[in-house]
Each structure stands twice: as C-alpha cells, then as structure tokens.
Amino acid sequence: GMIFTPGGENPAWDITANLGFVIIWIGIVTMFMAASIALFQTNTKRILAYSSVSQMGYILMGTGCAAYMGLEGPMGFSGTMMHIYNHAFFKAGMFMMVGAVYARTHRLELGKLGGLFREFPLTAAAFIVAACGIAGVPGLNGYASKTLLHHAIEDAYAYGGNVSLLYAENIFVVTSAFTVCYMIKLTSGVFFGARPAGLPDPGREPLSEKLVFGTFALVILFTGLFPGLVNNNLILPLGRGFTYDPEKIAYLAKLNFWTAYDLQNIALALGMGVALFLFMSKTGLFNAKLPGWLSIESLLFRPLVFGFGKVLTSTGQVIEFHTNRFYEWFPRPLESFCLFVAGLERKTTPRIWEPALKSLYRLYTNMAQLVDLAADQLIVRGYRHLHGFARQVGRFDQVTLQNLAHGLQTGGNNIQDSIFGLGTRASNYYVLLMRKVYRKAFFAFIKADYDTKGDPFYQMINPMNYNFDLIVVWILLLVILLLGIVTL
C-alpha cells in the first residue's frame, strides 16, 4: 500500500521513488537469472519452479515502476496486478498437468519422457495454451500483462531519463526470449518426440482432468482475447484507492493492446526464443552443466557468509584495538587523580577535617550527657508520682468494692421483684393482644372487606392508617410457622 500510494509533493516521496528504482533492478536481475537457470534444467518441476521465480521478477519490476513514477505509475500497477492474475492460472495449471503426467509415469526427467500427446490429447493442448500464455503469444493472457509491463519499463525510462532503465528494458526482452525457449523445450520434451523405451502405458486421461485443464485453458484464452475487458472490470478497480493521475487511468481504460508496435515487440521476443531453442538443440547446450560459480550457493550464500564473517572479524578487531588502547591510557589519568586526592587530603586534614571532627565529637558527647541526665531525673520523679498514685488507687478500690457489693445485693432484689411483676403484666397483655390478633385474622380470612380503619388496635399497629389486612395474615402465618418450629 505504501509503495503503490503516491505521495504527490511530499518530500518523503523521494524515498519511495528511490526504493522503486532499486526494486526495478531487483526484479530485472531476478527474472533474467532465474530464466537463464531454467534453460539448463532437465527436471520438469525444476523448470516450472525457476520459471515461477522468473515471473516473480516481472511482478517485482512492475511494482518498482509504479513506485518510481509516483502519480504517473498506474501502468506498472496494472501490469503487476494483471500478471499476478495471469500467473495464477497458467502456472498453477502447468504444475497440475505435469503432476498428472507424473502420477501415471512416475517420471520427471525430460530424457525419460516424450510422445505423450496421444494418451493426453486434451492435457497436451491445455499445456500448450498455458505455455504460449506465459511466453506472451498474442491472443493469450500473458501477452496482455507483458505488454503492460513492457510499457511500464519504457515509461519509467522516459519519466526519469535514467539510462540504466533503457538497459533494463533490453534485458526484459531477452528474458522474454529465454521464457519462450525453455517453454518450447518443456512442452516438446513431455508431449512430443519419440517415446523412450521402458515408459509405462499411462492410460487415458479421466474426465475430471479434462474438465479442470480445459477450464484453465478457457480462462487463459478469454483473458488473452479480451484483455481490455479484464483490465477495465478487474484490474483498474483495484487502483481506485490510490491517488494516481486521472488522465493516466483514463488512458489505461482505453488502451489498445493490438497495436503494431506491441505486436512487433512480442514477435521479436518470440523469434529470438525460437532461434535460441533451435540453436541450443542443435549444439546440445540444453544438456550442458552450468559452472559451479553460477549456483545460488556461489553467487549468493557464500558471498553473504564470507562478507558477514569479514564484517564481524573486522568489527571485533577494531573493538579489541580500541579496548586495549583504553586500558593502556586509562590508568594514567586515574593515577594522576589519585595522587591529586592524596595531596589534597594531606593539606586539608590538619586544617579542616581534624578540627571539624573534634568539634563534632564534643557536640555528640555533650548531647549524650544531657540526654542521660534528663533520663535519670525523669525516672526518679516518675517513681515518686507513680507510688503516690498507686496508694490513692488502693484506697479508692477498697471503698468502691464495698459500695459495689451492697449495690449489687440491693439491685438484685429489685430486679427479681421487677421481673415477677413484668412477667405478670406481659402475660395479661399477651392474652389481650392475641385476642385482637385472632379477631383480625378471623375477619381477614372470613370477611376480607371488613373495614378496620376505625379499630384502635389497627391504629396502634399502623399509624399511617393504611389497609394492612394482608400483612396481618402473613404475620399470623409466620407466627404459626415459628410455633411449629419451636415445638419440634
């Protein structure tokens, strides 16, 4: 999103533009190197794998063009998106078709395959369509996306005027020729030519494979025959979230894919690819072994490991050198500082520190003597007051205990008389109260509309004068329940 979203006049956009230039060359190198390696492979799956890496280079190049050109980069965006869409169909279909061949022959080497067109007529036809699509044959999907990508790299050169992008465009054409070459090699090696001895009978292709592979071929044909329809309805709507120049978008919507210039460019790549195939077939270069220095290990991994080790070694040496220098230099100022502190101590101790320490010692001693004297006086006086207080408390306790014993005896007799009297009065009041409660309960159960507002008992339990007939009922039920629990 950051790469595809132009920044307009924002100065930070220069960073993304420079990053786009780097991505262009990463894509160019990727597509060219992977296509070069694919030319010399004899395993069908390896050819397709290196081909996929090469096509990722095309996609990276288009991404870089879109980032490099900013507001004027929708051509690179459209080419990238359409090539992603096309690659999903022709490369996925080719892997599945090679897988179908392997499932019946259990062979992947081109030298052990050939002549399978008769047993796999529809698979072979669909494979040819997909191979022509990835090669960029007009009328198939790869032609449309590679045309947009070719325009993108040309526009990037015209936009920035960087001569290196002109060389990048030439490498783009050469890589397209390499793609044509290894696709002819793969197709002819699997489905055409003489059948090798010992190749097992693969049988006939089932209906399910015919339907699947036929669908892939139809999608490739439809996209190649109607590229403008796919571009306008599927690809361009993806760019609506980016701030591209509306005029560039309008130009893309009306782009004619069938101009003489575009057909001439793809014809050049196709012609170079066919000529390269014939040359390498006649000279046996397809079977040549690439030198070891062209391997990924020699070109990438070993230099990276060597460079990383060199950086670590150099860094360690620099750190060690400066560390040693530091340890050699550091004792000198430290020794000077220690000598300075020692001299300062010898000069200041008799004049400042010794008088100060003696004064502090005298102050501490005098304060300690004062605290000790105050503590002694406090303990002596406190003992006297505490002794007198204890004697007063003893006399008070004797009198208080006598009065308390007499009061308890008198109060006990009074409490006993009060309890007997209170019990008698409570019993009488309880009898009267229960009579009223039973009367209330009777009228609440038997005659619910009984007007109790004039009853003194009702007024006693409800000062607000509300109708509490139901409350009386619930209280009665609660009392009955409690009586039942108590008598259990």
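The structure is a predicted model, in which local features need pLDDT of at least 70 and side-chain atom pairs count only at pLDDT 80 or more, while totals for chains, interfaces and linings use all residues. Residues are numbered from 1 along each chain as its sequence is written, and side-chain values use heavy atoms, with hydrogens and water left out.

Helix α6 covers residues 163-191, and its end C-alpha atoms lie 43 Å apart, which agrees with the 42 Å that 29 residues should span at 1.5 Å a residue. After α6 comes G193, which has a positive phi, near 85 degrees.

Helices α4 (residues 121-135) and α7 (residues 207-225) pack with their axes 9 Å apart and at an angle of about 25 degrees, which makes α4 roughly parallel to α7 (angles under 35 degrees). The contact (heavy atoms within 4.5 Å) joins L122, T123, A126, V129 and A130 of α4 to residues of α7 including E209, K210, F213 and A217. By class, this contact of α4 with α7 has eight nonpolar, two polar and two charged residues.

The axes of α7 and helix α8 (residues 227-235) come within 4 Å and cross at roughly 90 degrees, so that α7 is roughly perpendicular to α8 (65 to 115 degrees). Here F222, T223, G224 and L225 of α7 meet P227, L229 and V230 of α8.

Key
Helix = DSSP H or I, 4+ residues; strand = E, 2+ residues; numbered from the N terminus. Expected span 1.5 Å × (residues − 1). Axes fitted to C-alpha atoms, helices over the stretch in contact; angles between N-to-C directions. Parallel < 35°, antiparallel > 145°, perpendicular 65-115°, else oblique. Nonpolar A, V, L, I, M, F, W, Y, C, P; charged D, E, K, R; others polar.
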